[in-house]
Amino acid sequence: MDALMRESPVASWKSDGGSLTVEALKNETDVGGRIRRLNAAIRQAVRGMRPPERMTVSEWADRNRVLSLSAENGKWRTKRTPYLKEVMDAFTDPNVRNIVLAASSQVGKSECINNMIGYVIDQDPGSILFIHPTVIDAEDYSKLRIAPMIRDCPTLRKKVSKAKSRDSANTIKQKTYPGGILTMCGSTEAHALASKPIRYVFGDERDRWKASAGSEGDPWLLAQARQTTFYNAKSVEVSTPTVKNASPIEKSFAKGTMERWCSRCPHCGEYHEINFADIRFEYDETEIKHEKLYTIRSIWYLCPDCGGVSDENDMKRADAKWIAGNPEAYRSHRTRSFWLNSWVSPWSGWEESIMKFLQARGDSKAMQVVYNTRFGLLWEDRGGLEDEDSLLDRREDYGRNENLEPVELPDGVLLLTMGVDTQDDRMEYEVVGHGHFGETWGIRKGVIMGRPDTDEVWQRLDEAAGHVYRFRSGVGLRVSLTFVDEGGHYTQEVRLRCLQRLRKKFFPIKGYSGDGVPYTAPPKKYTVVIDGKKIADCQVFPVGVDAGKALIMDSLKVRSPGAKYCHFPRRDDYGPAYFRGLLSERLTYSDKRQERWKWEIIPGHERNEPLDCRNYALAAAKALQPDYDALAQRIRRAAGVAAPEGAGSAESGVRRAEMKTARRARPAERYDDW
Ligand SMILES: [Zn+2]
């Protein structure tokens, strides 16, 4: 029954002079009948319950609030953001204990909170605890939002003690007024969350809080435990939504009335929440220096009921109301919950939102921000968007040269690096080609069986790095930098062997996982210890492997050659096993873990060496930071010398010339200084 009701919004509330009335029901099933009775009960309960002399929060704001720092200047007008009226007025409804607001940015949710706080100070004083993700967030909010509100609002200015007065009743994190104190804190400050009783609790950006305040547990539960002595307590929980199934505001929303702001279609009169799925747009795409530029030609809204087309102005002017998916919660949980996106905001244009969407394509973190802050949608972690078969299918033939030998380097490659993964019984490597703007080419993938402390294994790595890989023109490149994983049981051996290959630009790397660890950083000095004796110093590069994995997965999602695209040759070394390994991990999110974002092996994909090799090879290119324009020029110049017209008969001579030119063009020579 509960699930059924959540699926179909059946009852709607419309604000009518400040009290709740129930509109006609959308269907007449048993569920509808039950909800009608419930809504009638709500109406009975609410009628006449408004406290004497009190005004609602929206009335108070219209009368008293003056805005100076937000998107608007001058007197607050609830009319500008009609969707906030019911949210604010739920605060003065004695039947409502909890208010939940999940909203994208730029809808006015901070002002909505401020109006409630101003109302408390002026009309129904009691102590307020206002929790932010961090202490810095709390201080910023106080300085940028609360202080200007008090300064610009005469009624509040009179009541809140002056800043910098001797008794310091008014500090950044505490404001005193007759009948209460407003305290602002971060979600990690367990002491602030669990001391004196408090009547009003506000939580902002709830999804960004720490899962636990030290060892004390969920900060929100801690704060709410302080309200138990107040029959008239209120809690207000606000956040931009984040990741589906891991979003605290999503859970709280589901416990409430689950109301969505629905606009009336000018064609058929049905009410719908405006969703990204129903927005259509046309745009032009141009590419200048591999950077994509967009021009949006038109945007419209397609009614999911009648297919009628409306534009932004139509929809922003249309009649709108909150429709509850779970009206029962008004009585059972005394909780009204609201969900808002920026399509209805007077401060957020549709074109701007669509532009952000277009620009975020190919970058999943940026796209999540657009989904959360613009579309007001939860982000679904779809991890392995690309599957092995589609990558196998898009492999390319790199072609043949005039001697019908396979071309090793497709045009566009400007630099080669190699990544080596170290296992107890083998070493795996990949040679990767790099072009402008992160475009990459798989050049050679190999597995060398044998222990990493044997000469033969390293000789074969030398061969892979020292080989001259050739373009169709005959010009060749060698590997400019090789990163070798020193993790595992052969750390010292790897350090020693790399040290012996300093001239060949072999370096050991140490992988660090964790969100926020930078992909590359300057090398650090370590010692090489063989048989218990320190024999030398060597440079080891730290590599933030999670940043690399994110970069690889994002690049694999790019579907057309150009910036960030990954090319693979149609060859056996890039067969099904390679792609199974490349796609062996996905980013998962859990708020139950210390580390919320974590790369995990996908079941059935135990081999992740191809992903590691690619990761280290990309890190090597990142560490080099070459001037790709200069490299391109050198390769073009070398090709001009190496392949003169009519040189076909003097093959061997040409080949020698190529070799020389190629060696001269070797990019590695430019990086001898480190
Ligand atoms: Zn319609």
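## A tour, strand by strand

Select Leu-302 first: its bridge partner is Val-309, in β15. Two bridges join β15 to strand β14 (residues 291–302), and the two run antiparallel. Strands pair if DSSP finds at least two bridges between them. Both strands and helices here are DSSP runs, numbered from the N terminus: helices are H or I with at least four residues, strands E with at least two.

This is a predicted model: local features need pLDDT of at least 70, and side-chain atom pairs count only at pLDDT 80 or more, while totals for chains, interfaces and linings use all residues. Residue numbers start from 1 along each chain as its sequence is written.

**Stop 1: the three-strand sheet.** The order is β13-β14-β15, in an open sheet with antiparallel pairing. β13 (279–288) and β15 (309–310) are the edge strands, and each pairs on one side only. Now show helix α13 (residues 350–360). α13 lies across β13 and β14, running at about 135° to β14. (Axes are lines fitted to C-alpha atoms, for helices over the stretch in contact; angles run from 0 to 180 degrees between N-to-C directions.)

**Stop 2: strand β11.** Select residues 259–264. Five of the six residues of β11 are buried (20 or more other C-beta atoms within 10 Å of their own), so the strand is largely enclosed by the rest of the structure. Which strands does β11 pair with? Five bridges join β11 to β16 (residues 320–324), antiparallel. Look for Trp-261 there, opposite Trp-322 in β16. β17 (residues 335–340) pairs with β11 in the parallel sense, over two bridges. Glu-259 has Phe-338 of β17 as its bridge partner. β12 (residues 271–273) is joined to β11 by three bridges, antiparallel. Here Cys-262 partners Glu-273 in β12. Six residues lie between the strands of the β11 and β12 hairpin, where Gly-269 takes a positive phi near 85°.

**Stop 3: two crossing helices.** Select α3 (residues 57–64) and α5 (residues 109–123). Their axes come within 9 Å and cross at roughly 85°. From α3, Val-57, Trp-60, Ala-61 and Asn-64 meet residues of α5, including Met-116 and Tyr-119. Contact means C-beta atoms, placed from the backbone, within 7 Å.

Stay on Met-116. Not counting residues up to four places away in sequence, Met-116 touches Val-57, Met-88, Phe-91 and Val-236. Met-116 is also among the residues with the most contacts inside the largest nonpolar core, which has 71 residues. (A core is a set of buried Ala, Val, Leu, Ile, Met, Phe, Trp, Tyr and Cys joined through C-beta atoms within 7 Å.) α5 gives the most to this core, with seven residues. Another core, of 47 residues, lies apart from it; Trp-458, Leu-461, Ile-509 and Val-545 are among its members.

**Stop 4: the eight-strand sheet.** Follow the order β25-β26-β24-β23-β18-β19-β20-β27, an open sheet with mixed pairing. β25 and β27 (566–567) stand at the edges with a single partner strand each, so one side of each has no neighbour in the sheet. β23 and β24 run parallel, joined by four bridges. Asp-485 stands opposite Ile-509 in β24.

Next, show α20 (residues 609–624). This helix packs on the sheet, touching β18, β19, β20, β23, β24 and β26, at about 135° to β18. Then select α17 (residues 491–500). Its buried residues are Glu-493, Val-494, Arg-495, Arg-497 and Cys-498. Their cover includes α16 (455–466), β18 and β23.

**Last stop: zoom out.** The chain has 22 helices and 29 strands. Of its 674 residues, 41% are buried.

Key
Two residues are in contact if their C-beta atoms, placed from the backbone, lie within 7 Å. A residue is buried if 20 or more other C-beta atoms lie within 10 Å of its own, exposed if 12 or fewer, and partly exposed in between; C-beta atoms are placed from the backbone.
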